[in-house]
Amino acid sequence: MKLRVSAVQYHLHTINSFAEFAAQAEHYIKAAAEFGTEFILFPEFLTTQLLSIGNGQGEALSIGDLPDFTEPYRELFSSLAARENMHIIAGTHVIRRNGRLYNTAHLFYPDGRVAEQPKLHITPTEVDEWKIAPGEGLEIFETDKGKIAILTCYDIEFPEIVRLARAKGAAVIFSPSCTDDRHGFYRVRYTSHARAVENEVYVVSTGTVGALQTVDFMRANFGQAAVITPNDIPFPPRGILAEGELNQDMIITADLDLALLEQVRRKGSVSTWRDRRTDLYPDWKA
């Protein structure tokens, strides 16, 4: 089975209305539709762009204002997913639940369903500056092209959670990201490669580019989209099926062949999943 995926290097810049945000998101989705994309990934903290609309007094909105945009956010991407018959992973949006803020990835199905995966591992900045709370469980999403998981940015740096996703049947890990410098970017990028090798899965990653000049902690972004594979024949030697140009406003597209994953798992040069030493360390079994 094959599926076509796109990943958006989303350009953050100051806007004046939700309508501007909607038009920019729709632009990328229309572009992906022209390539026959079935799954499109937007970056983490996509909706922080809405904070730049401001409060009418020359000041940006605060992170606590983002949940006020949840209903129009969900309506926008639900309508686009249905119209284009596409699965949309609309980055992450900060929601409020029981008085706490959660940095939450949203998956919009073509049939109107909306699924959520809160970020599980929270960075110091998210905790100290924005009071973001961690999610409490891993979700595996059933689609007509198989099982997927969504692990946001810092999540991909923890091998245990990706092992669990693989044990639960996920063949593709979508990883929306937001990093402000090279160090953060390469932490996410290198560990994405490690997770693909360890678990014999695809990792689709992307990040924000551009800047929000009035929004604290979103003034700098360093990002690049990539579709990452295991490092074995018949995949590309560098484990990169597609990648964007660093820090450019663009979209990448690639076809994922799930049969190749099964081929490598059965008779690859190595078998990192089958050869785990679960007699020496605890692990999850498929």
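Reader: How much space lies in the largest pocket?

Author: The model is a predicted one, and every value below is computed from it. In this model the largest pocket holds about 400 Å³ of space. Its lining consists of 21 residues, and those closest to the centre are Thr123, Thr125, Cys178, Thr179 and Asp180. Sorted by class, the lining of the largest pocket comprises 10 nonpolar, four polar and seven charged residues.

Helix H3, residues 124–130, and helix H5, residues 182–199, each contribute at least two residues to the lining of the largest pocket. The greatest contribution is that of H3, which provides four residues.

The model has one cavity of 30 Å³ or more, and the largest cavity contains about 70 Å³ of space. It is lined by Ser177, Thr179, Phe185, Val188, Arg189, Ser205, Thr206, Gly207, Phe222, Gly223, Gln224 and Ala226. Two or more of these residues come from H5, and two or more from strand S11, which spans 202–207. The lining of the largest cavity has four nonpolar, seven polar and one charged residues. Thr179 therefore belongs to both descriptions, because a lining residue is one with an atom within 4 Å of a point of the space: Thr179 is among the residues closest to the centre of the largest pocket, and Thr179 is also listed in the lining of the largest cavity.

H5 has a further partner in helix H4, residues 159–167. The two helices pack at an angle of about 40°, with their axes 10 Å apart. H4 is therefore oblique to H5, since angles under 35 degrees count as roughly parallel and 65 to 115 as roughly perpendicular. The crossing of H4 past H5 is right-handed. On the H4 side the contact involves Pro159, Val162, Arg163 and Arg166, which meet Arg195, Glu198 and Asn199 of H5. This contact divides into two nonpolar, one polar and four charged residues.

Helix H1, residues 18–34, packs with helix H2, residues 70–84, at an angle of about 25°, and their axes are 11 Å apart. H1 and H2 are therefore roughly parallel to each other. H1 also passes H2 in a right-handed crossing. From H1 the contact draws on Phe18, Phe21, Ala22, Ala25, Glu26, Ile29, Lys30 and Ala33, and from H2 on Pro72, Tyr73, Leu76, Phe77, Leu80, Arg83 and Glu84. By class, these are 11 nonpolar, no polar and four charged residues.

Two details of the backbone complete the account. Asn85 lies in the loop between H2 and strand S4, which covers 87–97. The phi angle of Asn85 is near 55°, a positive value in a residue other than glycine. Pro234 is placed in the loop between strand S13, residues 226–228, and strand S14, residues 240–243. The peptide bond that joins Ile233 to Pro234 is cis, and its omega is near 20°.

Key: Residues numbered from 1 in each chain as written. Predicted model: local features only at pLDDT ≥ 70, side-chain atom pairs only at ≥ 80, totals over all residues. Heavy atoms only, no water. Axes fitted to C-alpha atoms, helices over the stretch in contact; angles between N-to-C directions. Parallel < 35°, antiparallel > 145°, perpendicular 65-115°, else oblique. Left-handed = near helix turned anticlockwise from the far one by under 90°. Contact = heavy atoms within 4.5 Å. Nonpolar A, V, L, I, M, F, W, Y, C, P; charged D, E, K, R; others polar. 1 Å grid on protein atoms, 1.4 Å probe; cavity = no way out; pocket = protein on both sides within 12 Å on 5 of 7 lines; lining within 4 Å. Points joined across faces, edges and corners; volume = space filled by probe spheres on them.
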